[in-house]
Amino acid sequence: MGEDSRLPPPRNRILKMPRLNEVRIAGRLVRDPDMKMTPEGLAVATLRIAESSTYKTAKGELRQKETFMRVTATGGAAEYVETHIKKGDPVIVVGALENVDHRFEGMTNKNPAKLLTIRAVTVMPLEQDAMK
């Protein structure tokens, strides 16, 4: 008799989690990109992007919620950002989530804070009307 697909897999069969870490975000730049060069000469751009969404409350009122994200682009993507992207521009970012060690001013703890960051592979401008 065939296996019932509604039943959990047998304990002796191991299911592997796929390695999938891809993020696509559309939003507007909150401020101009912060450009730096590593000692090895690699360009690094740090962006802050705001994404807005609208939802209805239980009373039927429309509300807007903004989510702010930190994005890091390196190499060619950073160089593109430096010359083509500025504060207020609508963009789409394709990348992966990663935790980045970060020290804030005044931190006395030896362990840096972990910031969830989007490591950008691609940053592309959107048409101004695309964000409406």
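Accessible areas here come from the Shrake-Rupley method with a 1.4 Å probe, and for residues only the protein chains shown count as cover. On that basis the chain exposes about 10400 Å², with carbon and sulfur atoms supplying 52% of it. This is a predicted model, where local features need pLDDT of at least 70, side-chain atom pairs count only at pLDDT 80 or more, and totals for chains, interfaces and linings use all residues. Residues are numbered from 1 along each chain as its sequence is written, and side-chain values use heavy atoms, with hydrogens and water left out.

Now for the fold itself. The chain has 1 helix and 6 strands (DSSP runs numbered from the N terminus, with helices being H or I of at least four residues and strands E of at least two). Along the sequence they follow the pattern β-β-β-β-α-β-β. Of the 132 residues, 24% are buried (under 20% relative accessible area with a 1.4 Å probe, protein chains only; exposed means over 50%, and partly exposed is in between). As for contacts (heavy atoms within 4.5 Å), 56% of those between residues at least 6 apart in sequence join residues at least 24 apart.

Helix α1 covers residues 75–84, and its buried residues are Gly75, Ala77, Ala78 and Val81. They sit on the same side of α1, because they cover an arc of only 160° around the axis (taken from the directions from the helix axis to the C-beta atoms). Over on the other side, Gly76 and Thr83 are exposed.

Ala45 belongs to strand β3 and is buried, with a relative accessible area of 0%.

A pocket is an open set of points on a 1 Å grid over the protein atoms alone, where a 1.4 Å probe fits, with protein on both sides within 12 Å along at least five of seven lines; lining residues have an atom within 4 Å of a point. Among the lining residues are Asp34, Lys36, Arg70 and Glu98. Strand β2 (34–37) gives the largest share, 3 residues.
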